[in-house]
Amino acid sequence: MANKRDYYEVLGLQKGASDAEIKKAYRTLAKKYHPDMNKEADAEARFKEINEAYEVLSDPQKKASYDQFGHAGMEGAGFGGAGGAGFDDLNDIFGSFFGGGFGGFGGGQGQARRNGPRKGQDRFMQMKVEFMDAIFGKTETINLGVDEQCSECLGTGAHSKNDITVCPTCGGSGTVVTQQRTPFGVFQSQAVCQTCNGTGKTIKNKCKKCGGKGYEHKRVSVDIKVPAGIQSGQQLRVQGKGERGENGGPNGDLYIEVLVKKHDYFTREGKNILISIPISSVDATLGCNVDVPTVYGDVELTIPAGTQTGTKFRLKEKGVKDARGAGDQYVIVNIEINKKLSKDEKDLYKELQDLQKKGGKESVFDKFKKAFK
């Protein structure tokens, strides 16, 4: 007993670990060191050590004795090698090694799942939408290649019902049981029958229309309704246009991720729309009225005298509309200085500059400079 490692140390745990922590650690290490998966020289010894530790720590009575007396409390307890893992634990672990669990347990339920109708996988694609179409909504037509149930055999793949027989290889189960010998005994595993591909049935005379596949590949046009107010990243679901089902199961669904294109002038933040407009320094100084573009048409906006660049104005309910209401549009003013002035314009600006100097009025820069004194 003196040469044995502490069972908690074997599982990489601290003393007092919970049952869930013990089970999780065991499952991880058992997979890592199983001799069929790990070809290192000490893998088999480590695997036995891990199982022995788990057999003790997973049993409340043995664990209590070990916690109190250590390895001395385990004398005469007897260990069953891999047996300490428990059927459920080993079934999960060996299932990942051999493609299935132990034979003879739960087979009926698994068989029903394999032979029964199974829905196909979902498909995903992206679709670009114009900015205005995302605001107001539209119907977009796309072309898809899809596998649809054969209209002649209704998915059976057979010429008639009498042409469908039980698979002679698997006896209708859809699986075949194989045995594998390991250092710890013989384990049974189940695999999909290669003769019938897991359906449990064979077909004497195949459907002439689909060649026995049970489906037809078609190129179809699908109308996609893009709802008003949709945003980039949102998905639309089209039922039954995914991958084909199996054993008569329905097709999966098609999910379309919408990507909204950028607009030359409008930008969107949630339900609000932003736009920047330029005005002259004269209009900013004296004030003016401007017709501002919105997604619903032009709206008159009053720019008050003395407006500064970067000032933001709100146009109520001129943003994105949906069932919960409408957002707003925000107008950001940018003051632009005209670089090309006529002689008359230059004379007027010069006259204004002289008036400011004569009146002793501080310039904007003079006020700025005073702040540093």
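**Exercise 1. Find which helices each supply at least two residues of the lining of the second largest pocket, then describe that pocket.**

Step 1: pick out the helices. They are H8 (281-286), H9 (343-358) and H10 (364-370). Helices here are DSSP runs of H or I with at least four residues, strands are runs of E with at least two, and both are numbered from the N terminus.

A quick note on the ground rules: this is a predicted model, so local features need pLDDT of at least 70 and side-chain atom pairs count only at pLDDT 80 or more, while totals for chains, interfaces and linings use all residues. Residues are numbered from 1 along each chain as its sequence is written, and side-chain values use heavy atoms, with hydrogens and water left out.

Step 2: get the volume. The second largest pocket holds about 580 Å³ of space. The volume is the space filled by probe spheres set on the grid points, which are joined across faces, edges and corners.

Step 3: look at the middle. The lining has 13 residues, and Thr285, Tyr349, Leu352, Gln356 and Val364 are the closest to the centre. A pocket is an open set of points on a 1 Å grid over the protein atoms alone, where a 1.4 Å probe fits, with protein on both sides within 12 Å along at least five of seven lines; lining residues have an atom within 4 Å of a point.

Step 4: sort the lining. It splits into five nonpolar, five polar and three charged residues. Here Ala, Val, Leu, Ile, Met, Phe, Trp, Tyr, Cys and Pro count as nonpolar, Asp, Glu, Lys and Arg as charged, and the others, Gly among them, as polar.

**Exercise 2. Work out the strand order and pairing of the open sheet of three strands.**

Step 1: the order is S1-S9-S8, and the pairing is mixed. Two strands pair if DSSP finds at least two bridges between them.

Step 2: check the edges. S1 (123-129) and S8 (235-238) each have a single partner strand, so one side of each is left without a neighbour in the sheet.

Step 3: take the parallel pair. Seven bridges join S1 to S9 (254-260). Lys128 stands opposite Leu259, and Val129 has Val260 as its bridge partner.

Step 4: take the antiparallel pair. S8 and S9 share four bridges, with Leu236 opposite Ile256.

**Exercise 3. In what sense do S11 and S17 pair, and over how many bridges?**

Step 1: S11 (272-280) and S17 (329-336) pair in the parallel sense over eight bridges. Ser280 stands opposite Glu336 in S17.
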